[in-house]
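Visitor: Hi, I have a structure open and would like to walk through it piece by piece. Could you help me read it?

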Amino acid sequence: MKSPKDDKHTVQGFGRKFAGILAAGLILRFVLLGLAVPVELQSDEANYVYLALGLERFGLFFDCYRFLWPPLYPGFLRLCFLLADEQGLLLARGLQVLSTLAIGWSTMSIARRLFNDSVALVSGLLWIVHLPLAAFSHLLWSESLFLALWGPALALLIAASLEPNHPARGRRLLGYALLAGIGVHLKESSLYLTPLLLLPLVWTLRRQGTRTLEILRIISQPLLLLALILLPWSLRNLETYGRLTVASTLGENVYNGLNSSHRNFDLIPVNTALQRNNQPILQVRAPLRSSNENLSPWARAEEVLNLPERLDENRRRGLAFTRDHPGWFLRGRLQKISDLVAPVSFMTRHLALGHYPTSLTRWRTMLVIWAAGASALTLLLGLIGLASRLPAGPAAGIFALQGGYYLATGSLVAMSRFRLPLVPLLLIGCASLICMGLRPLPRPRLMLAACSSLILVALWIIGWPTTWGLLRAASKGLEVIG
Amino acid sequence: MGPAQSRLQGPGGYRVRAWRGHLVLLLLMAGLLALHLAGHRSDTQLRAELAHLLHPAEQSSRGPKASRDTLEALHILLNRPLGFSRAEGQQLSATLLAEDDPLLREFALSIDLCRLSRHTALNVPDTQEQHVLGRTPPPMDAPWWLEYVTYRRKVGGKQVGGRRRLDNLELLWYRRALRGESPPPEELSKRLLRAAREARVGPIPRGQ
């Protein structure tokens, strides 16, 4: 039996390893940042910067005509310009790198709560070396900051759900709502997920015989806080656009996702560059490429001046198109999910586009193998680990709901970036598999792990032509295509 | 348990005190709603505030320099459902582009007015396109660069004036132009020529 002194040493030892992993992750990300700058702006990065400049110059949050984006990320960039002027983007990237500490910390915390110290430490090590996730810390997408809020939010929610009678439950739930609510102002995709993830706690409380009114009291408080956090910006939108909304991107995503041809945003910029060089473009398998019915794409409702009304009309047109072509809709979803889980990433996309300086591209083949390997192994081993090792209970419910939610949003418009909120969970699954193996496990769990991994491999086979093309272009340059 | 506390108990001994947090949150939300209602301006009120810009011919003198309030009022009115028609938008664009205040001219090139502009055969906003790119050669000084970036680097496609996305060098020039420094003319000329060539022969770069 361990003495209290031994316990103290064990805790201190774990704490030191925990801190060491965070420090190593931070150093790797800063090294990557140092090698990556001056990485060229790409697509939405430029759009975010443009919105930040508009905020600085006019004091106004402009919309993007096709999107009404949440305000926090342009606001963050504007603050960086205020503090560092020409070096504003470097400051933003540096702060993002620092924020990733919260991702590493929360990943290990969740793993420790669900499994043990070993799984926590291994999940931390995997977090260090997950190159696509690390790369987002120097790219100007809101993902890093969002995950830095969402990870701790999830850790608090899981703690509250696993210990529903703990005195800190109320504070944990309020912390969850606070962090997740701020996160919605960075990425509105989590808007509906945040209340949804409270359901496993409701289920736990119900099972232990808590009265309905008490459950209502417990659940409604974080929901009210969430509403309070979202209200100021929603009211601003009501005043400006006549619509009480946090953000509005669905209409444009429906245009891209429920239309006559397939669009994958990992591919589009690469194909645009290939077209400019008069080279053949990368294409998905023929049956999944377009509706094959000689249909013209339906057009956006450009004639509608008001933004939310225009996006609503786009949504209506997309749904009408889907009702008329259910077969194409189903075929299209197969390719979308395949795009979502393809072992490519924005880092490999940027390498293919030549956006990184030579300080980084001199190791491009190694980086592509590292990034693609990290993505593929995390997806495969993470899925097997979660299917086989995740303890039944509210945490499993939270993981399943989050997985299902991002699978559903990813089936509308897919690209590798949209699976990022699932990566910390997959890292935990991966670590549990590495530390605990597959035995002894009940047969249904093994079947679940086998089925999910087979489905993943099938999806990789479906997406292989474009995945291979993207990875080749990333490691050798666009000239290898053709 | 004191008498005051027992009065707070509902059926089955359920404490009302436990709902205090909810009440505080609801009160804060009500406060925000009240602030919103108090600050709400109707289309008519906004039009009255902006009369010097919307009806310049009827005003004895030009309006004061654009304040943040003026820009905010314009932004709201231009984005409201039924706030502004295309014809009014085009008129207002022309008025603002003729103003001495650079901020008002730049605002006329923003998404708010470009979306309301009349379009040429090239499907670009006519008034704004003429203002930014109609002069040969363009001034290529700091004020013009701020206008160019505001007009040409926006999101939303060519129908609102956007063409290419901003890049690092253009951003650097923009930061310097905010301090009054003009972009280097030779490099800018080359860049504009290349952009014009790409615009004619290539697809519009896009992606996400």
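**A walk through the model**

Guide: Let us begin with one residue: apart from its neighbours within four places in sequence, Ala52(A) is in contact with Pro74(A), Leu77(A), Arg78(A) and Phe81(A). Please keep in mind throughout that this is a predicted model.

Visitor: Okay, and where is Ala52(A) found?

Guide: Ala52(A) is found in helix 2 of chain A.

Visitor: Is Ala52(A) buried or exposed?

Guide: Ala52(A) has a relative accessible area of 0%, and because buried means under 20%, this residue counts as buried.

Visitor: You mentioned Leu77(A) as a contact. What separates the C-alpha atoms of Ala52(A) and Leu77(A)?

Guide: Those C-alpha atoms are separated by 5.8 Å, although Ala52(A) and Leu77(A) are 25 residues apart along the chain.

Visitor: Switching to helices, at what angle do helix 16 and helix 21 of chain A pack?

Guide: Helix 16, which covers residues 346–353 of chain A, packs against helix 21, residues 443–476 of chain A, at an angle of about 60°, and their axes are 7 Å apart. That angle makes helix 16 of chain A oblique to helix 21 of chain A.

Visitor: Which residues make that contact?

Guide: Helix 16 of chain A contributes Thr348(A), Leu351(A) and Ala352(A), while helix 21 of chain A contributes Leu470(A), Leu471(A), Ala473(A) and Ala474(A).

Visitor: New topic: which peptide bond is cis around Pro38(A)?

Guide: The peptide bond running from Val37(A) to Pro38(A) is cis, with omega near 0°. Pro38(A) is found in the loop between helix 1 (4–36) and helix 2 (44–58) of chain A, and helix 2 of chain A is where Ala52(A) is found.

Visitor: What about Pro137(B)?

Guide: Chain B has a cis peptide bond from Thr136(B) to Pro137(B), with omega near -10°. In this case the proline is found in the loop between helix 9 (126–133) and helix 10 (142–152) of chain B.

Visitor: Why point those bonds out?

Guide: Most peptide bonds are trans, and most residues other than glycine have a negative phi.

Visitor: Then what is phi for Asp85(A) and for Leu82(B)?

Guide: Phi of Asp85(A) is near 45°, a positive value in a residue other than glycine, and phi of Leu82(B), also a positive value in a residue other than glycine, is near 65°. Asp85(A) is found in the loop between helix 3 (72–84) and helix 4 (88–114) of chain A, whereas Leu82(B) is found in the loop between helix 5 (68–79) and helix 6 (86–97) of chain B.

Visitor: Last one: how many helices and strands does chain B have?

Guide: Chain B comes to 12 helices and 0 strands. Of the 208 residues in chain B, 44% are buried, and the chain exposes about 10600 Å², with carbon and sulfur atoms supplying 58% of that area. Among contacts in chain B between residues at least 6 apart in sequence, 57% join residues at least 24 apart.

Note on methods
Residues are numbered from 1 along each chain as its sequence is written. Chains are lettered from A and ligands numbered from 1 in the order in which they are written. This is a predicted model: local features need pLDDT of at least 70, side-chain atom pairs count only at pLDDT 80 or more; totals for chains, interfaces and linings use all residues. Side-chain values use heavy atoms; hydrogens and water are left out. Axes are lines fitted to C-alpha atoms, for helices over the stretch in contact, and angles run from 0 to 180 degrees between N-to-C directions. Helices (H or I, at least four residues) and strands (E, at least two) are DSSP runs, numbered from the N terminus. Angles under 35 degrees count as roughly parallel, over 145 as roughly antiparallel, 65 to 115 as roughly perpendicular and the rest as oblique. Contact means heavy atoms within 4.5 Å. Buried means under 20% relative accessible area, exposed over 50%, partly exposed in between (1.4 Å probe, protein chains only). Accessible areas come from the Shrake-Rupley method with a 1.4 Å probe; for residues, only the protein chains shown count as cover.
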